[in-house]
Amino acid sequence: MQPFTESEFPAVNTLGAPADVCASRQIVMKFGGTSVTGAANWQIIAQLLRARLASGLQPLIVHSAFAGVSDLLEKISTGTQVTEAAQNIRDIHRAQATELALDANEILHAEFDFLAATEHDSRSGDTLAIDRVATILGLGELMSSRLSAAWLCKNGIDVTWIDAREWLVSQPQPHTTGRQQYLSAVCDYAVDRRLQDFLDDKTCVLTQGFIARNKDGNTVTLGRGGSDSSATFFGCKLLAQRVEIWTDVPGMFSADPRAVPAARALQALHFDEAQEIAAMGGTVLHPRCLAPAARAGIPVFVRSVMHPHMAGTSISKVTPEADARVKAIALRKGLKLLSLESVAMWQEVGFLADAFAIIKRFGVSVDLISTSESNVTLSIDPVSGNIAADEWHRLLTELGTICTVAVIEQCASVSLVGRNIRTMLHTMGPALEVFAEHKIHLVSQSASDLNLTFVVDENQGERLTQKLHNSIISGDTTHSTFGPSWSQLHQPAVQADRTPAWWEKKQNKLLALMQERECAYVYDSDTIGSRAQSLQTLSALDTTLYAMKANPHEGVLKVVRTAGLDFECVSPGELQRLFRLFPQIDRQRILYTPNFATREDYHFGLAAGVRVTLDNLYPLRHWGKDFTDRQVFIRLDPGHGRGHHELVRTAGSHSKFGIPAQELDELQQLVDRYRVTVAGIHAHSGSGIMDPHNWTDVGHVLSAAAARFDTVEVLDLGGGLGVPEKPGDPPLDLAALDTSLHKLKASYQQYRLWMEPGRFVVAEAGVLLARVTQTKGKGAVQYVGVATGMNSLIRPALYGAYHEIVNLSRLDEAPAERYTVVGPNCETGDRLGLDRLLPRCREGDILLIANTGAYGHTMSSRYNLREPAGEILL
């Protein structure tokens, strides 16, 4: 790796910093949880520190907890899965210490003792006092920072470890609850000469983010993401030359790159623009961290440990351009709206004052507001609005004394952030057409003219963000603020070091198949078999079923059957295909899970002798006698969904699947009335899930429901095992999944554990090949057309799904153009990929769309009377 130098940073006097900031030798470097996890990252951090020390600077490091630890501490603080969470925390720190050649038990003995005592107290079932909760939540930063300080000293960097609570003191905030004062504290950040003097003779100092103390000496925390605020608080106290925020992404982007791979790097922002992006849903920085730095004039630089030489984003009082332009599309989920309605509010003096006085008493912050003569609609800040249920009920009751109150939940705000937005409204007409078929609950235009915000249903947020970004930002190549796209930044590294995919190894064979074809799906049986066999390594599972809706191709089913997997079906047609292919199959190895199906569909499954699942009370309420003396599985709604897109999250109130918890009492009554045997409890929370602990969480929900029925033998944890969406994404950690499942099995030994993956087995084994028909340029946007589109692959249009696209005919050529890849269908949404770096494409080339083995051909259509791509099994 090339050496780091101070020349990589602009002189702060060019960024509007005051003289005392420019003269400072001290800098603050904050490292996030993913940045401080792993020995490879620490080698990079050590190089960064040595470069700054060599330049005569004094770094103060603000250290986060290791990735995943804060979530586990939160479980302990709420008494949820305490023993498992505590052991996971110890395992994470011991593994990190082993990787750094340190002894965790020696360095962290005091913290491990405290964790053991906390584990004991949390199991008692008593609600912990709020000061104890804050102490527990802050343990992660204390543990991780001690290990890192020990490693730096061991590797020749003279570092002094200090406790942040000695220097950061919270300030009581008016109109906030006691809980907020402890868990979302704000600290004094006035210049601190005592701290400056203390650090004056120190080479390098390491402390913790997220934690502080109150005036009584009790631990408080700064809220999730609060380590960013710790960094700027320390920066202001020191009058530091700059604050560096090191995270897992190389700066701020014009949209969330996970949802919009075409998102552009934002190279320079004014404080108020960055604040607006952070406040309206940007996830790179905590919204609270920028105000202190802005007041002191201290520039903030956002960079990535994973990409340390990338310039990232500089945030200061000076930006290169100040013309009218949208710089980001920000999405914020989890909003609640309050609709306050009363005809009597027309010309009533003080109505808003009365309403806001009530909201103020409950410590709730209002974000957005829209008014009319008889209605006021406002959005509640997700953090301050996360008050206890009884407090929320009291708030609504008090508001109900002055108006009619309606609560609109599960909303999202989509914000166009930039400068001088009002002057651009006349040019945005075509872009704003994306809202034509969506309900808009609220529109707000900021007085600062920095954002225009629309509040919509949460399940539409990502799609609208993608469409707006594509219309307004993706093709803008003229503005100096915009750097390369996320996909451009990451493609070169991926090309250099990834393991070749099966289709790269079989390039010549695939091209030969396409000599007489315009398009085709091709499936690799070796890859299918390998994925199926990998599931057999999950020794905690008693049965693994293949969800055949992912790909019901007969050849695929035969490979899956040979690999030893059972089957999960959702329709009579799928059952009939299995019976025809495998006439000797044991029908009890088939799980049948129809949804909103006809009575005849259930009759078919029962008569066929397969295991039948009920995911609604309707069949028992209205056709209960059909199930008398039968065994069934029950599909529950675990309450929340996960996955790579809202439309594949199959749990929660906005999903049609599963019996909700509030209907379990009635379910018991119906089961008893019709003498139905509940043999299994089933849930499926979504698709594309990469968290190996997700299914353990589902298992705990299922076991609680299973305790109601003494006949339950099986907990079916569902599927949804994720596959890497983009080149370079890490795969699902099957070893961690198996470890998690073994812990679940140890807790509920009376049950057998099942899972039913589909996409995991076949997605990577399939590719869609399509011949280039035409190319076209429209201004800054280059199009390449191929012989099939959304009629063969609907996922990009339906979900905004990302599929890697390569020019199979020119695999060895370097990328030369950014293309939008489109099909031949008469539909604007007929796009297979946006902003893709490809070699220069020519008519006749074969493009390959990867990861299309699941939900590709099976969801295809004859739209425009175009036949979808056929299927070939290698």
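**View A. Arg146 and Trp161 in the predicted model.** In this predicted model, Arg146 is placed over the face of Trp161, 3.7 Å from the ring centre. A further contact of a charge with a ring involves Lys336, whose charged end sits over the ring of Trp392 at 4.1 Å from its centre.

**View B. The aromatic pair of Trp42 and Trp151.** The model contains 11 aromatic pairs. Trp42 and Trp151 form a tilted pair, with 5.9 Å centre to centre and 55 degrees between the planes. Because Trp42 belongs to helix α2 (residues 39–54) and Trp151 to helix α8 (residues 139–154), the pair ties together parts that are 109 residues apart in sequence. Trp42 and Trp151 are both buried.

**View C. The aromatic pair of Tyr602 and Phe627.** These two rings pair edge-to-face, at 6.0 Å centre to centre and 75 degrees between the planes. Tyr602 lies in helix α24, whereas Phe627 lies in the loop between α25 (618–623) and β24 (631–635), 25 residues apart. Tyr602 is buried at 3% relative accessibility, and Phe627 is buried at 1%. Together with Tyr618 and Trp623, Tyr602 and Phe627 form one aromatic cluster.

**View D. Buried residues of helix α23.** Within α23 (residues 572–581), the buried residues include Pro572, Glu574, Leu575, Leu578, Phe579 and Leu581. Among the elements that cover them are α22 (554–562), β21 (566–569), β22 (590–592) and α24 (599–608).

**View E. The largest cavity.** This cavity holds about 60 Å³ of space. Its lining includes Gln26, Ile27, Lys202 and Leu238. Two or more lining residues come from each of β1 (26–31), β2 (58–63) and β4 (204–208), and β2 gives the most, with three. By class, the lining has seven nonpolar, three polar and one charged residues.

Terms used: Residues are numbered from 1 along each chain as its sequence is written. This is a predicted model: local features need pLDDT of at least 70, side-chain atom pairs count only at pLDDT 80 or more; totals for chains, interfaces and linings use all residues. Side-chain values use heavy atoms; hydrogens and water are left out. On a 1 Å grid over the protein atoms alone, a cavity is a set of points where a 1.4 Å probe fits but cannot get out, and a pocket is an open set with protein on both sides within 12 Å along at least five of seven lines; lining residues have an atom within 4 Å of a point. Grid points are joined across faces, edges and corners, and a volume is the space filled by probe spheres set on the points. Helices (H or I, at least four residues) and strands (E, at least two) are DSSP runs, numbered from the N terminus. Ala, Val, Leu, Ile, Met, Phe, Trp, Tyr, Cys and Pro count as nonpolar, Asp, Glu, Lys and Arg as charged, and the others, Gly among them, as polar. Buried means under 20% relative accessible area, exposed over 50%, partly exposed in between (1.4 Å probe, protein chains only). Contact means heavy atoms within 4.5 Å. Rings of Phe, Tyr and Trp (its six-membered ring) pair if their centres lie within 6.5 Å; planes under 30 degrees apart count as stacked, over 60 as edge-to-face and the rest as tilted. A charge sits over a ring if NZ of Lys or CZ of Arg is within 6 Å of the ring centre and within 35 degrees of the ring normal.
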